[in-house]
Every structure is written in C-alpha cells, then in structure tokens.
Amino acid sequence: MNLYFFGDSISFGQGISVDLTWVNKMAQQLHQKYGRDKTTVINTSINGNTTRMALERMPYDIQSHDVDVLLVGFGMNDCNYWVTDKGVPRVSPNAFRANLEEIIDRAFHFGVKKVVLRTNHPSPRTDYMINTDITYGESNRFYNEIIREVAKNDSRIVFVDIEQVFDNYIKEHHVGLEELTLPDGVHLSLLGHDVYFTCMYPVIAEIVEEEQ
C-alpha cells in the first residue's frame with residue numbers, strides 16, 4: 001500500500017531532525033507493524049507551499065504515481081499575509097476552498113482510495129500581520145473552518161480535526177501553546193510532533209487494516 005503525504009512544512013517537519021518528525025515516526029511504526037514490503041510511505045511535502053502551488057505540482061507528485069492513501073495538509077501558508085501582498089492573504093478563502101476541493105477531486109479521479117484531510121494546529125502568534133487587523137493565529141483558525149466545511153461537504157473524506165486535538169491537549173495537560181510550537185509560533189516543536197503522531201497514527205493504521 002502506497003501512502004503519500006501531500007502538504008507543507010508541517011508535514012515536512014521544518015526545524016526538527018528528520019527522524020523525529022511525526023511523518024517519519026508514522027512510517028517507522030507502520031513498517032514495524034505491517035512490514036516494509038506491505039507499506040510504502042512517501043512524503044512529497046514542501047516548505048512554504050500553498051494549495052495553489054500544490055495543484056501545480058500535483059500531476060507529477062501524485063497523479064503519476066500509484067497512490068492508495070493521500071494525506072492532505074495545507075493552510076498555514078495560504079492564510080498568511082506577506083508584505084508584498086499589501087493586505088490580502090497569499091491565497092484567498094474562496095480560492096483556498098476551491099483548491100482543496102480540486103486536490104481531493106483529482107486524487108479520487110486518479111485512483112486514490114482514501115483521502116485524509118486535517119485541520120492545522122493553532123498558532124500562539126497574536127501580532128497583527130502587516131497591512132491587516134488580523135493576527136496570524138486568527139487567520140489560521142479561520143482557514144481551519146474552511147477545511148472543516150470542505151470535509152463536511154464530501155463524505156469520501158476521512159477528516160481529522162488537529163486544531164481540536166491541540167486545544168484539548170492544552171486543557172488536559174496544562175501546557176502552553178508555545179510549548180507545542182517552535183519559537184516562530186508556526187512550526188511544530190518535538191512535543192507538537194508527538195501530538196500529531198499520537199492523533200494521526202490510529203487513523204492511518206485503521207485505513208491500512210481496512211485496505212489490506
């Protein structure tokens with residue numbers, strides 16, 4: 001079974017040793033349980049990618065390969081506001097929704113059996129982004145709502161609400177959101193990677209069991 005991660009730096013694991021990222025931990029665990037000959041894990045995630053950029057590379061990275069399970073994770077770049085964009089997000093909310101829907105439709109059209117879509121973890125950043133009256137944390141949560149809407153409107157999707165998982169983890173373990181991210185308030189700390197892995201692994205393992 002071929003499992004492909006299709007995302008940005010959160011799936012790539014920016015700022016963390018490669019063997020400690022949640023995606024690599026998942027690959028190691030799947031190989032231990034099912035064998036390397038039964039599960040192949042490919043990570044096509046690229047730092048800084050938006051859904052617009054993802055669609056441009058989807059023909060080679062996904063469509064030209066034999067993908068059984070596609071794990072989609074975008075939004076933390078789409079929701080950002082760059083100085084050069086003069087007060088508009090890198091990808092507008094409407095375009096973000098449409099891009100996600102097209103990624104998912106293309107995946108199924110090219111033979112993917114399961115698409116796993118997740119929200120992103122919350123960000124502790126409370127500073128206003130340049131030329132806006134919105135913080136990065138607020139924008140990220142707004143784009144997570146769009147991801148929920150896309151999942152709700154498509155019964156084919158396996159949905160995981162990472163944002164809710166992080167909110168619950170913070171309450172239950174009495175930790176600050178800053179402990180789950182690196183100093184930039186965006187990328188995952190080692191603990192953040194552990195939370196992702198603990199949440200995502202059972203979902204993927206169940207899919208692998210079903211498709212065996």
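Is aspartate 105 buried, partly exposed or exposed, and what is its relative accessibility? Aspartate 105 is partly exposed, at 42% relative accessibility. The scale is this: buried is under 20% relative accessible area, exposed is over 50%, and partly exposed lies in between, with a 1.4 Å probe and protein chains only.

Some housekeeping. This is a predicted model, where local features need pLDDT of at least 70, side-chain atom pairs count only at pLDDT 80 or more, and totals for chains, interfaces and linings use all residues. Residues are numbered from 1 along each chain as its sequence is written, and side-chain values use heavy atoms, with hydrogens and water left out.

Now the sheet. Five strands form an open sheet, ordered β2-β1-β3-β4-β5, with parallel pairing. Strands pair if DSSP finds at least two bridges between them. Strands (E, at least two residues) and helices (H or I, at least four) are DSSP runs, numbered from the N terminus. β2 (40-43) and β5 stand at the edges with a single partner strand each, so one side of each has no neighbour in the sheet. On average, neighbouring strands are turned by 20 degrees against each other, direction ignored. Strand β1 (residues 2-7) and β2 run parallel, joined by four bridges. Phenylalanine 5 stands opposite asparagine 43 in β2.

Next, the helices. α4 lies across β1, β3 (69-73), β4 and β5, at about 160 degrees to β4. α7 packs on the sheet too, touching β1, β3, β4 and β5, at about 165 degrees to β4. Contact means heavy atoms within 4.5 Å. Axes are lines fitted to C-alpha atoms, for helices over the stretch in contact, and angles run from 0 to 180 degrees between N-to-C directions.

On to charges. Side chains of opposite charge can pair when their charged atoms come close. The structure holds 15 salt bridges, each a side-chain nitrogen of Lys or Arg within 4 Å of a carboxyl oxygen of Asp or Glu.

Back to aspartate 105. Its salt-bridge partner is arginine 156, with the closest N and O atoms 2.8 Å apart. The pair links distant parts of the chain, 51 residues apart: helix α4 (residues 93-109) and the loop between α5 (136-152) and β5 (157-160). Arginine 156 is partly exposed as well, at 38%.

Contrast arginine 57 and aspartate 61, bridged at 2.7 Å, N to O. They sit four residues apart in helix α3 (residues 51-63), about one helical turn. Arginine 57 is buried at 13%, and aspartate 61 is buried at 15%.

Last, a network of salt bridges links Arg141, Glu145, Arg148, Asp161, Glu163 and Asp167.
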